[in-house]
Amino acid sequence: MSSDLRARVEALLAAHDPATTGRPDFLRARFDAGLAWVHFPVGLGGLGAPRAHQALVDAELAAAGAPDNDPRRIGIGLGMAAPTILRYGTEEQKSRFLRPLWTGEEVWCQLFSEPGAGSDLAALATRAVRDGDDWVVDGQKVWTSSAHTARWAILLARTDPDVPKHQGITYFICDMTDPGVEVRPLRQITGEAEFNEVFLTGVRIPDALRLGAVGEGWRVAQTTLNNERVAIGGQAVPREGGMIGVVAQTWRRRPELRTHELHQRLLKGWLDAEVIRLTGERLRQQLALGQPGPEGAAMKLAFARLAQELSGLEVELLGEEGLAYDDWTMTRPQIVDFTGREAGYRYLRAKGNSIEGGTSEILRNIIAERVLGLPAEPRTDKDLPWKELPR
Amino acid sequence: MSSDLRARVEALLAAHDPATTGRPDFLRARFDAGLAWVHFPVGLGGLGAPRAHQALVDAELAAAGAPDNDPRRIGIGLGMAAPTILRYGTEEQKSRFLRPLWTGEEVWCQLFSEPGAGSDLAALATRAVRDGDDWVVDGQKVWTSSAHTARWAILLARTDPDVPKHQGITYFICDMTDPGVEVRPLRQITGEAEFNEVFLTGVRIPDALRLGAVGEGWRVAQTTLNNERVAIGGQAVPREGGMIGVVAQTWRRRPELRTHELHQRLLKGWLDAEVIRLTGERLRQQLALGQPGPEGAAMKLAFARLAQELSGLEVELLGEEGLAYDDWTMTRPQIVDFTGREAGYRYLRAKGNSIEGGTSEILRNIIAERVLGLPAEPRTDKDLPWKELPR
Amino acid sequence: MNAPVLLYSEIEEELRSSVRDLLTDHCPPNAVLARCEGPGPYDLGLWRRLVTELGAAGLQVPEEFGGAGASLRETAVVLEELGRSAAPVPFLGSAVVATAALLACGAGEPLATLAEDGTVAVLTVPFSTPPGSGFPDGVRVDVDGTLSGRVTSVADALPAALLVVPAVGADGPGLYLVEADAPGADVVRRTSLDLTRRLADVTLHGAPGRRLAGPDTAAAVLQRALLTGAGLLASEQLGIAEWCLATTVAHLKERRQFGRVLGSFQALKHRLADLWLDTVGARAAARYAADALAGDSPDTAVAVAVAQAHCGALAVRAAEECIQLHGGIGMTWEHPAHLYLKRAKADQLALGTPGFHRSALAALVDLPGPVG
Amino acid sequence: MNAPVLLYSEIEEELRSSVRDLLTDHCPPNAVLARCEGPGPYDLGLWRRLVTELGAAGLQVPEEFGGAGASLRETAVVLEELGRSAAPVPFLGSAVVATAALLACGAGEPLATLAEDGTVAVLTVPFSTPPGSGFPDGVRVDVDGTLSGRVTSVADALPAALLVVPAVGADGPGLYLVEADAPGADVVRRTSLDLTRRLADVTLHGAPGRRLAGPDTAAAVLQRALLTGAGLLASEQLGIAEWCLATTVAHLKERRQFGRVLGSFQALKHRLADLWLDTVGARAAARYAADALAGDSPDTAVAVAVAQAHCGALAVRAAEECIQLHGGIGMTWEHPAHLYLKRAKADQLALGTPGFHRSALAALVDLPGPVG
């Protein structure tokens, strides 16, 4: 860390003693000191410093007892909305939105997925029609986490149905307090409702909240989605971190449950977990050198496969206990906690790992085409006007 | 068995005592008595009787010490050429070819596959051009078993390159002694050469040896290929019949080779083998009721998977011995004998099980489309003239 | 040993279509879903229909006791259909396992009750108990002849009126008939992974019981019941797999993405072809087990182990593929796929896991493990 | 414990490209194929080039003995490239395993010979011997100091001039240096599954030997050599897998069927994506093992077991997919795919199977099996 950066951290701590400063005040001050995300520009929470320095700032502040902005709770804002606003937003948008986004005072959600589109996100049907200085939005979104706590949303809507599907989409910032926004919990097979359905009925969005040009929404969304993918698999994981640790501990603690059949599968699971861990570690070393590899998609794919394998094994290992479930009550968790609940929950929740954020099938397509250079399948939908697509 | 049929068998045996009659003479007499394939018409080796009666005739004659026609050696003639000649042949062709085909005096081979076509058999490029009363054939065929011992071949050739690929094919009977036919052994990864490449250079085929109409070859070939598929998986197999028996015997005989890891895999292999055996038995019971199911394709797919799994396991089980190979000498076996050779041979030869006679990929397509009714992939080659197909 | 009959007889096909018609009318997926969080997770109305209209409860019961005197082959066909509907009825617990135990005891009177009005009986063992387990000693017979002890995770015990209780007295093991509402008997619901077949813990405090089998036969009766349950469960698992496969195929034929019907994508087609292949195998294996049990074949133990090892794993895989290939839709509570996933996963643990049954083959077919 | 470095250094990448250039020029697949049935299955001309132009034989040998003094990380990179070419040279046997044994013995003089002119040495143990095996007792040291006995299936022994022989004498185990052409020493070729790395049986009848390690160290030396071999073999397996994947992808990009490039069929694309995924994992695991061996990390045993268990299985799968996805072409002797299949399968058995190494994890990471 440069001496300048260290001096700024010290100055922040001196002016706002974490022991006596309230959490929001401290976070605002940290943002204003350019120590929120150091690679952002000056005035927007950053210093234009290398991204790698952020971890050092975080560590220093954590050591001094400073509060953090609870990044897991506001992950969509930090990971998806912020980089997109930074790249495509107007000056007004940047200065209005980035500060409360980072401090967590305003939670963001993402209104991309639709029931009728699925993996074919660009087929989305939510319409936005220009009306004076506003756009009027009607449609339905799904799989929206945090929609019930969010103040703002990033939204994709179709503004021109007469052009091919990728060309008629526009990217907006949507006010979740608009009376036309209705949020309904979407219950999952686990019993809980992490996500929501969002019904948009005559929602008015001022044109000033458009992000990027009209019809450029798909291109803008790539920034959002690429940042989502980078976020996955970037953290260093200790050996037996994650689900394998839970299963291995049960195995060690409960010798009466062991059989040779389960033993072989456990060893295979342990091996796979370790290979994935090493793959992630290698990816981390590449990223540290500024050489991001295509292994990000691989990590997500491998992780989903492993989580499903291990959680299925765990239920079998438990035998009679595996027949039970901890709780079917519909709750609204803010984050996914794989280790805080019982085996049955892990088994069911892990099924989503190969669906959410890009299905394993889509990831395999991506690897085959972008990494291995295999040709795309024949496509008939790319040049057809959206309204003429078969449905 | 009807009393008439029994009387015919007894008459044949009385007139041609197997103990004193030469093999070819006996077989010719049996053919002429209509006891070759009883479901064929009278005069062509049959009696127009139900197909199911054949097994009874075979059993009766075998019990009396009569020679058989070595069906494994002449399988292509019996299983593919004969039904096609019966259905599409002229009267001259039927009376000329079926008798020596059945007695084994004339061996047949099949000239369908080509190096450039692979699974897309209908893309074949071997040309047949009309010249007076003859056709002149040029091209290359591959994976032809028995070509070096065959007197005749069934042949697919392109007679019209200006129409879509399925429409420009004609079916011929080809004289393998024509000077334009060159047969070269095709060596496999096992070291041996079961198959051949066949080069056709200016081969002259009289139009009288055409089977079916000009341009109808693809439809004629369906009879040939459907009969190939029926032949697979029809036999009853005892428990531990086939490759699992070899591996299980080694396991029992050699306790020092056992590990828990191999044990679990062996049990899985045994289970799979037994499930496939039961599947085959169920199919056999369906066929006996005249209800052939789509399980034939399934049997071939499952058998290939199992043979590869088990033969790979066997090599691992043998450890140091698995590092050896019995013989790399190029030999020309007439039949495939999985159990007559060592583990390494089985391992390598089994790789062909998922390729020959329809790859496992093609079989999965067939199951998905014909059994499950899933739509075919987008095709661009069906209506294009053959000569315009991208290559 | 007669050659096993692996096809369905005409009578079996007729029974199947009666059961299927009834379930189509009275057990649609949304009804099952709606019920599974209500106070009565079992559909006793449906059960009554199955009993009165089709004689399902007494299918195995000899005609002399008022049953249909049918074979386990027919019972297996009913289980296929119940699996296909994830039907919340106590058929497996009562008409299969408990009935097998009562039959093996020669207990005509309770059997007649079962056959007559669909009174539900259950064998009180944890649902995860595989055939070949030691005789359970969790319930003891006291000197006054009453029973005390606790049995956890008993399937279908919630709607049961009769409990067939393995218990150990001074003279050894026995099977006892206890009324579920007798003084000292307590049946408490557990939260179960499977929403359509619930578990309960049975507690007995000096509950009165009538002995059905004594030390000479109790262990054999228990084994027969567990073996029957395990072997026939394979048919339920086949039914689950078939529903999952058919539902997935139907979804993929309808759903479009990237301008194409999803079902035209080759990777999905190949996965479904493989799944179909293993389902075909499951049908053969399940039929073989039912036929062996029905005919008391000497090969029954092998047949059951093969069927359970194959079908138990297959049903889970089919349900998992069903969820995956439905995409997000399959992850929602509103879609019935999860009912099948949960039943398939619970069934996989029930009466021995696939791994247990596969390992059992080692002894059954002389493929011993490593020495020492 | 330093954080493991899982990337390739610049020096390692340079070494790789030198080796690859040399192999591209002098070890094309058709040459390997043509050689494998001739009288000299090893390409000693190629070996000489590797030795003289790149110092491959002495890579691990300290500079004081005329070697390059490089680490096992570099050696692993060479193995990746040799695997990618299925090169018929005795690098693994001589420059990896025998060299590791000689290094652990501190035997400077033979090491200098190896480094100088590529003299081939081998450790005479069956190629299937895994680390952790007991000390072999097939060769005894007689009272006159000569060696007698037999060792089967020794890899790379055919071109060897020096044999490093584990033998047991009156005072216990030892390692002995025997010249392959010494009186009483006999090396006889076996027919090997792998056409590019041959096996031979070594028979000693009163052959003279020089002791390199005595009872105090012989077992540890042997273990170090086997562990080094097993850990670095993972890099060769990675190279095999990479060739198979790349060759298959190239084939599928070119070959057309049904009017389309085969590589556009989704089922094939997904299989190759999965294969690529596991190849990415293999690179991380193989690098970790090489790094651990190079740095004598306390985690070496785990690193080697993980790398062997993963890479050994992967190379076979990649070679099998290569054959299958080439269709009939891959089944012909003329196509080089079978050379890789045979090497991959033999490598899977070499120095412990994947199953052996996976099972070894049980003790290494405290995941014990069932009790009793």
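1. Leaving aside its neighbours within four places in sequence, which residues is Leu123(C) in contact with? In this predicted model, Leu123(C) touches Val97(C), Ala98(C), Ala101(C), Val154(C), Val164(C), Pro166(C), Leu175(C), Leu222(C), Ala225(C) and Leu226(C), where contact means heavy atoms within 4.5 Å.

2. Leu123(C), together with Phe91(C), Phe91(D) and Leu123(D), touches the most other members of the largest nonpolar core, which has 376 residues. Such a core is a set of buried Ala, Val, Leu, Ile, Met, Phe, Trp, Tyr and Cys residues joined through side-chain atoms within 4.5 Å, buried being under 20% relative accessible area with a 1.4 Å probe, protein chains only.

3. Between chain C and chain A, 46 residues of chain C are in contact with 45 residues of chain A. The area buried between them is about 3700 Å², with 60% given by carbon and sulfur atoms (the accessible area, 1.4 Å probe, that two parts lose on being put together, summed over both).

4. Six salt bridges are counted between chain C and chain A, a salt bridge being a side-chain nitrogen of Lys or Arg within 4 Å of a carboxyl oxygen of Asp or Glu. Glu37(C) forms one with Arg187(A), where the closest N and O atoms are 2.6 Å apart.

5. Residues are numbered from 1 along each chain as its sequence is written, and chains are lettered from A and ligands numbered from 1 in the order in which they are written. Local features need pLDDT of at least 70, side-chain atom pairs count only at pLDDT 80 or more, and totals for chains, interfaces and linings use all residues, while side-chain values use heavy atoms, with hydrogens and water left out.

Definitions and conventions. Buried means under 20% relative accessible area, exposed over 50%, partly exposed in between (1.4 Å probe, protein chains only).
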